[in-house]
Amino acid sequence: NSQAYHVEGMDATNQGIPYAAAETQPSVDAIQEVAVQTSNFMPEFGAAGGGFFNVTMRSGTNQYHGSAYDYFVNEILNAGTPFTNAGLTNSQKVGQLVRPPARRNDYGFTVGGPVFIPKIYNGHDKTFFFFNFEQFRETDIVNNIPITVPTSAYRTGDFSGAIAAANYTVL
């Protein structure tokens with residue numbers, strides 16, 4: 001509870017929830033620099049006893065630049081849970097391993113450059129812009145896959161019962 005978090009000089013410290021340092025979270029693609037100060041603060045950074053986090057955002061330049069990104073998570077790309085059989089709940093998946101549901105998508109883009117309005121204004125070397133958009137979507141799916149623990153035979157090194165699919169203990 002003794003840190004301060006600033007974005008472009010503006011206080012963005014979360015005062016309501018002590019365990020979450022930042023009230024706002026800028027997109028990673030829009031951040032230019034993160035400076036962390038833990039002691040010997042300058043007078044303008046004296047609002048914190050434990051640490052001062054100062055985030056500087058990117059800005060436009062004389063050339064147009066941009067990026068696009070997508071962080072995609074889906075269970076079809078994940079490895080299956082060992083020693084499980086998806087065919088127990090879905091007859092079309094006999095012999096396949098169970099994959100816990102995971103659906104997440106974090107996508108966005110950035111664009112920046114000089115302000116240019118044809119026949120009206122040319123902002124080259126004068127006026128710049130930078131824009132960032134990010135969207136995070138996650139589908140919460142209850143994971144009902146049983147968690148297994150080793151049987152007493154496994155603990156002694158006897159794996160002869162490992163072939164039988166029903167030979168496990170469910171918590």
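1. Strands E6 and E9 pair in the antiparallel sense over 12 bridges. Strands here are DSSP runs of at least two residues (helices, H or I, need at least four), numbered from the N terminus, and two strands count as paired if DSSP finds at least two bridges between them. Across this pairing, Gly112 sits opposite Phe130 of E9.

2. A word on provenance: this is a predicted model, with local features needing pLDDT of at least 70 and side-chain atom pairs counting only at pLDDT 80 or more, while totals for chains, interfaces and linings use all residues. Residues are numbered from 1 along each chain as its sequence is written, and side-chain values use heavy atoms, with hydrogens and water left out.

3. E6 also pairs with E5, again antiparallel, over 10 bridges. Tyr69 has Gly108 in E6 as its bridge partner.

4. Now the rings. The count comes to 3 aromatic pairs, taking rings of Phe, Tyr and Trp (its six-membered ring) with centres within 6.5 Å; planes under 30 degrees apart are stacked, over 60 edge-to-face, and the rest tilted. One of them is Tyr64 with Phe129, a tilted pair at 6.4 Å centre to centre and 50° between the planes. Phe129 has 29% relative accessibility, so it counts as partly exposed (buried is under 20% relative accessible area, exposed over 50%, partly exposed in between, with a 1.4 Å probe and protein chains only).

5. Phe109 and Phe131 make another tilted pair, 5.9 Å centre to centre with 45° between the planes. Phe109 belongs to strand E6 (residues 103–114) and Phe131 to E9, so this pair ties together parts 22 residues apart in sequence. Phe109 is partly exposed at 35%, and Phe131 is partly exposed at 41%. Ring pairs join Phe109, Phe131 and Phe133 into a cluster.

6. On charges, there are 2 salt bridges, meaning a side-chain nitrogen of Lys or Arg within 4 Å of a carboxyl oxygen of Asp or Glu. Arg103 meets Glu75 at 2.5 Å, N to O. Arg103 is in E6 and Glu75 in the loop between E5 and E6, so the contact ties together parts 28 residues apart in sequence. Glu75 is buried at 12% relative accessibility, whereas Arg103 is partly exposed at 35%.

7. Arg104 and Glu138 form a salt bridge at 3.1 Å, N to O. Arg104 sits in E6 and Glu138 in E9, 34 residues apart. Arg104 is partly exposed at 30%, and Glu138 is partly exposed at 41%.
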